[in-house]
Amino acid sequence: MTNRERAMNLLHYKPVDRMPAVHFGYWGELLSEWAAQGKIPAELAQGNWDGSEKERELDKLIGWDFNWYHCSGSSNGLAPGFETKVLEVLPDGTRRILNSWGIVEKHKPGVISIPSEDDYTLKDREAFETLYLPKMQFFPERVNVEYYRHFNETRPQDVPIGLHLGSVLGDIRNMTSVVGMSYLIYDEDEDLFADLVDAYAEMQFQCAKTILETGAKFDFAHYWEDICFKNGPLVSPEIFHELCAKHYKKRNDLCHEYGLDIISLDCDGVTEKLLPTWFETGVNTMFPIEVGVWGDQFEPARKKFGPGMRGVGGMDKTALRRDKAAVDAEIERMKRLASLGGFIPCPDHRLMPGTKFELVQYYAEEIKKIRI
Amino acid sequence: MSAEILNEISENLQRGKAKVVKELVTKAVEEGIAPDVILNEGLLSGMDIIGEKFKTNEVYVPEVLIAARAMNMGVGVLKPLLAEAGVKATGKVCIGTVQGDLHDIGKNLVKLMFEGKGLEVVDLGTDVSPDTFVNTAKEQNCQIIACSALLTTTMGVMEEVVKKAEEAGIRDKVKIMVGGAPVDDAFCKKIGADAYTPDAASAADKAVEFCRELAGTVA
């Protein structure tokens, strides 16, 4: 069986010869760390992204079968993005940078961390209509139609590849910041936030439609959202449903039309309260099912939604920084979740610095021994 | 009349109506209501309700942020009057995201909740070294050090903060609170910190409890 068949069979409750060893990529710093330790060739630490040739080479070295986040999509963000520029250098060397979403970020020298958000551009309807709306229009160059016409012959045949559908609210948060999004939801101009979500969603829908119309075949469709944190969603589930449900439904219905019945969605944090909207509109595969300090989220979701809710993820990646006993405990837990069906174990996010190379190899080997 | 306007301030704050809150606070001052009464029974009481609703998922981050924005508009009117009247804060906290970590959404949310409980907050920002936490607490007489981390790779710095506070001889005078995505109660106990709370509103409740305890006002 190919890994493509294994993955798709598992998510359709069909038999497989073994469990595939699936991952979700790495922090760049981990690859540099492994290269410095002599665990991997230095060239594999650079230019190694989801589904790239280098990543697939590293997969072989480690024993992974594939990265679930191997997706293909379009230029479905702001186009063109804002010109990235340094606005100010503070006395401690911190640079205030306008990023491509129009957010002002603070980058501190020597600190490896997502930068903090300091300010944002999208504050009112004027900014939306003059600065953002023109960047949210659909135009043919957003999709490399020629590439997709040959996609079925040129794509790797042995691993599943997803159609990246973009996001409904995650990108909006990227262009407004959490604070800005909160203020815009409650702006005096009551329609502003909905207009923003609608305009962006329509462009992303057109991108997905254009790709599918080329005849390109995918194994699943995929969203990125990241709209939850430790305590649940960043917005109220009711507001989320009101603003976003119709857009998920429209994109998911399109996928169904083209025979794509597995639709996964990447959202970190505690997702429980948004799952009803996602599931009701056609999203049926949770990813990466972050464990955090709150524990497993897959089994409760399965109990609530039944076998229609699948999962890829759920393995506490921090075990791979600890020891063999911790990894063994996770493998045992993965066996139990896998026995529910419709579930593929995968570390619950990108592997981070301090992850032990040998433990990752061990995990990848052991997970393949799971039989359903 | 006084109760009515204070109630209006609280209700508008909960709905995040910043301009209305500012106008009502100004009106309350003009009507001769004492600034500490407006603060406690109008603004902070409104934030209390928001905090409780946040704990039980009746409201979410956006509702907290707009309420806090409204509170700050009201406090802006009261600040000089409170200083003039010699009204003291419930306690003083220094808060920051630990060294190596630039995430500040959670830290800022906790800061707002602290302010909503009438605490004075020294915001140290992000990438804060253990020495900075401890020196600030010492120099500015903070009763609480509050540390935030989003990353598993940086949460270890919190243990250093506890050690530095011990070395500086202020451990019995300051409570150390920890929070953030990878932090839980077990980690808090392991590093010898004083409190972990599951959400920002509970953190503010705990901080007030600690301040009262340190001031000797709790039986």
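Modeller: Let's start in chain B: α5(B) and α9(B) cross in a right-handed way. Keep in mind that this is a predicted model.

Biologist: Why is α5(B) called oblique to α9(B)?

Modeller: Their axes, for residues 105-115 and residues 200-214 of chain B, cross at roughly 45 degrees and come within 8 Å. Angles under 35 degrees count as roughly parallel and 65 to 115 as roughly perpendicular, so α5(B) ends up oblique to α9(B).

Biologist: What makes the contact of α5(B) with α9(B) nonpolar?

Modeller: From α5(B) you have B:Leu109, B:Val110, B:Met113 and B:Phe114, and from α9(B) B:Ala200, B:Ala201, B:Ala203, B:Ala204 and B:Ala207. That's nine nonpolar residues, with no polar and no charged ones.

Biologist: Which residues of α7(A) and α4(B) meet?

Modeller: On the α7(A) side, A:Val178, A:Val179, A:Ser182, A:Tyr183 and A:Ile185; on the α4(B) side, B:Val61, B:Pro62, B:Leu65 and B:Ile66. Eight are nonpolar, one is polar and none is charged.

Biologist: How many residues of the domains of chain A touch?

Modeller: Chain A splits into domain 1 (3-78 + 120-367) and domain 2 (83-119). Nine residues of domain 1 contact eight of domain 2. On the domain 1 side, α7(A) gives the largest share, three residues.

Key: Residues numbered from 1 in each chain as written. Chains lettered and ligands numbered in written order. Predicted model: local features only at pLDDT ≥ 70, side-chain atom pairs only at ≥ 80, totals over all residues. Contact = placed C-beta atoms within 7 Å. Helix = DSSP H or I, 4+ residues; strand = E, 2+ residues; numbered from the N terminus. Nonpolar A, V, L, I, M, F, W, Y, C, P; charged D, E, K, R; others polar. Domains from an automatic or database assignment. Axes fitted to C-alpha atoms, helices over the stretch in contact; angles between N-to-C directions. Parallel < 35°, antiparallel > 145°, perpendicular 65-115°, else oblique. Left-handed = near helix turned anticlockwise from the far one by under 90°.
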